[in-house]
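Subject: Structure for your review

Dear colleague,

Please find below the structure I am handing over to you. My notes on what was found in it follow.

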Amino acid sequence: MSESRAGAASTVGLLEQLGSFVGREDDLLALSRFIRDDRLVTVTGAPGAGKTRLAVEAAAVEQRRARHQVVYVELASVSDPAQVMPRVEAELAGCEQDGDARLLVLDNCEHVLSGCSRTVNALLSRHPDLRVLVTSREPLRLPGEVVHVVEGLPWTRGEDAAVRLFVERAGAVVPGFELTDDNAADVREICARLDGLPLMMELAALRVRAFPVAEIVRRLGDSASLLTTGWATAAPRHQSLRAAVGWSYDRLAEPERALARTTSALSGEFGVKAAATVAAAAGVEATAVPELLATLESKSLLVAVSGSDEARFRMTGSVRDFAREHLADRGEEDRARELLADWIVDATGDFAQHGVMDGETAEFFWIEHQHVNQVLTWLRSRGDDRELLLAAAADAADLMKGRRPTVCGRAAEALESASAANPHRGVALSTAAVVSGAAADFERAESFARQAIATSAAAPHDYLTSRMSVMAYFLSACSTDSSDLRARLRVTTQLGDRMIMVLCLYASMRSVVADWDLMARRSSAVLGVLELVRESGLTGPTRCADFVHGLLLCEQERYEEAEERFSALLDENVTSVFAGFVLTALGRAEYARTLTLLVAAESHGLDEALTGVEWLSERLAKAEAAARAGLSEAAAEEALAAGLALKGTEAVRFARREAVDHAAQPKRERRPLSDREQKIASLVAKGLTNRQIAAQMYLSVRTVETHLRNIRTARGLNTRAHLAAWYSRHYKQQRV
């Protein structure tokens, strides 16, 4: 090979290669293996994924190791497919034949795909020593072709490739720029919003010269206009986000463009049915949608999502932003959203009639939750009465799928602005009652239940009225008369509403533990209620009943029996009983063990039926004070630290008094919190939600979530409650 040809691979894309090649180690290894074992390898991926740079690096590796002579042919400037063969043959003719195998790199083939396919097929037949590496936004579709799909770089951690790439490119335009505790979350969010696509992140990094990273995050909502100017000598299609995506979009047939435009109205993943629903806004026939989706995926404008029995797809953010511009320009946006809303609301089915959801409908809402939330927002902006129905259905589906609410839910929120004449008010109130009960806000649940009864009386709804009447009784009564409770539960059985029965059983237990005097003086009546709960055969309430029985044994100072009962309940999935172990340890004057278990109790929380029981919360607070009083300060801190180190099975084994290898526990980072982290932790300790914290600190919700995740990971904290307790106990003391 001549010296000029030998340097071909190392000089292509010269400006891009002035920066280091970040990440893609696995991709390079895969390409090296493919080049060794297969004669035709095609690198595909979304616009801006870095196909050319990866192919050039792979070719350079082959050249440096003297495994192949490299011939590079750039085809972006070729517009006629018939010109591909002459262009490639001319380049090959200049490559001296010295016995080495040759590697032909054909870059940017998607716009002359037919010519490339014919050329490669002919060359591979005529030249047994030739191997071909292609970059294209869609495969050549030739026999023996190996397709390697390039995706975005990872970004979840500071050392991940996407973050490193952004920081390095930003440092090139702003010397001294580096990743810090204050900007790390924003940098990762930029990477996430741009799907880790190298071109998009390089364009964003250029903006660091003018904007702080936090402002870049805010401006990425209009990324197509923000990311407009790239490196001066880059190819035109790499000068801006719009040019990169437009290069592919402009080459689509009109039905493909129509589907790309309309599916940009969808958020997150979507299936064939969702795509067909919105595609009708552009006149695309539903029968044509599956094939069109496959075509867009093959052209790297959609990404196929694995892990489901149903074909599902997603768009990268850059493609979606571009396609939405065209959707709006064509006047199809509102119609697409209307069709999506009709489809989602129609899926509620019989729920609108009786407020009870079947499993099939719940599964639909679970799968399409992103579109449900999208439609909810749209209906709210239009003041559409259907928002109330959809909010209730979304809450009901969450409960059906086992998601335990921590707040009163979307139905309760929608009720605040819904008119009294809304036809879905009764169903929404009923759902809000059930959700509030599941979140252990029994007072609010009773209020919603009684409002639902009143609404149903005005518009007769026998089934809804019956279930709310039973629920209201259980939420308001403090009866321990087993025969009375049994009669009421018989009604729930007749209704066939498992959700109401579960809530009624929890309410029964709450009524017997709400008053310490009742627990202490009327133990036989309490045991009767607990036995009634066990007879239901429902796992959750039965476990809770056994836990309550253990608490009763603690109040009777029968600590050994109580601990045996708690041990039988405890496993990795049912950990709320740690609170019971705290009381048994204190009763036995095991003060260090009390503090260690207290950390586990704070980490895992209490069962919903016991949340907010004042006497139990007071018992736990007194347990800490008593244990601290019985230990030296150093011993108390050591016991608390031991609790922080216990995770998963180790915490369970410790509670059961089984051997725990403390030496094997990982040493956790003990770095101080940054100023921003300290502020966020203090607001969590005050009980603020992520959204409230974001508003107060002028951050995005995602940034707050990332900081919280980093704090919990660094300090070994499992839950929000654990973080709040840790901050109150440790960080404030350090500052004093």
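At roughly what angle do the axes of helix α8 (residues 161-173) and helix α9 (residues 184-193) cross? In this predicted model, the two axes cross at roughly 110° and come within 10 Å. Angles of 65 to 115 degrees count as roughly perpendicular, so α8 is described as roughly perpendicular to α9. On the α8 side, the contact is made by Ala 162, Val 163 and Phe 166. On the α9 side, Val 187, Arg 188, Ile 190 and Cys 191 take part. By residue class, this contact of α8 with α9 comprises six nonpolar residues, one charged residue and no polar ones.

As to the chain as a whole, the protein has 41 helices and eight strands. Of its 736 residues, 54% are buried. Among contacts between residues at least 6 apart in sequence, 70% join residues at least 24 apart.

Strand β1 (residues 40-45) deserves a separate paragraph. This strand is mostly covered, with six of its six residues buried. In a regular strand the side chains alternate between the two faces of the sheet. In β1, Leu 40, Thr 42 and Thr 44 point one way, while Val 41, Val 43 and Gly 45 point the other way, and all are buried. Two pairings involve β1. With strand β4 (residues 130-135), β1 runs parallel and is joined by four bridges; here the bridge partner of Val 41 is Leu 133 of β4. With strand β5 (residues 146-150), β1 also pairs in the parallel sense, over five bridges, and Val 43 stands opposite His 148 of β5.

A further sheet is open and consists of three strands in the order β6-β8-β7, with antiparallel pairing. Which strands stand at its edges? These are β6 (270-271) and β7 (303-305), each of which has a single partner strand, so one side of each is left without a neighbour in the sheet. The pairing of β7 with strand β8 (residues 312-314) is antiparallel and extends over three bridges. Within that pairing, Ala 304 stands opposite Phe 313 of β8.

Yours sincerely

Definitions and conventions: Residues are numbered from 1 along each chain as its sequence is written. This is a predicted model: local features need pLDDT of at least 70, side-chain atom pairs count only at pLDDT 80 or more; totals for chains, interfaces and linings use all residues. Side-chain values use heavy atoms; hydrogens and water are left out. Axes are lines fitted to C-alpha atoms, for helices over the stretch in contact, and angles run from 0 to 180 degrees between N-to-C directions. Angles under 35 degrees count as roughly parallel, over 145 as roughly antiparallel, 65 to 115 as roughly perpendicular and the rest as oblique. Contact means heavy atoms within 4.5 Å. Ala, Val, Leu, Ile, Met, Phe, Trp, Tyr, Cys and Pro count as nonpolar, Asp, Glu, Lys and Arg as charged, and the others, Gly among them, as polar. Buried means under 20% relative accessible area, exposed over 50%, partly exposed in between (1.4 Å probe, protein chains only). Two strands pair if DSSP finds at least two bridges between them.
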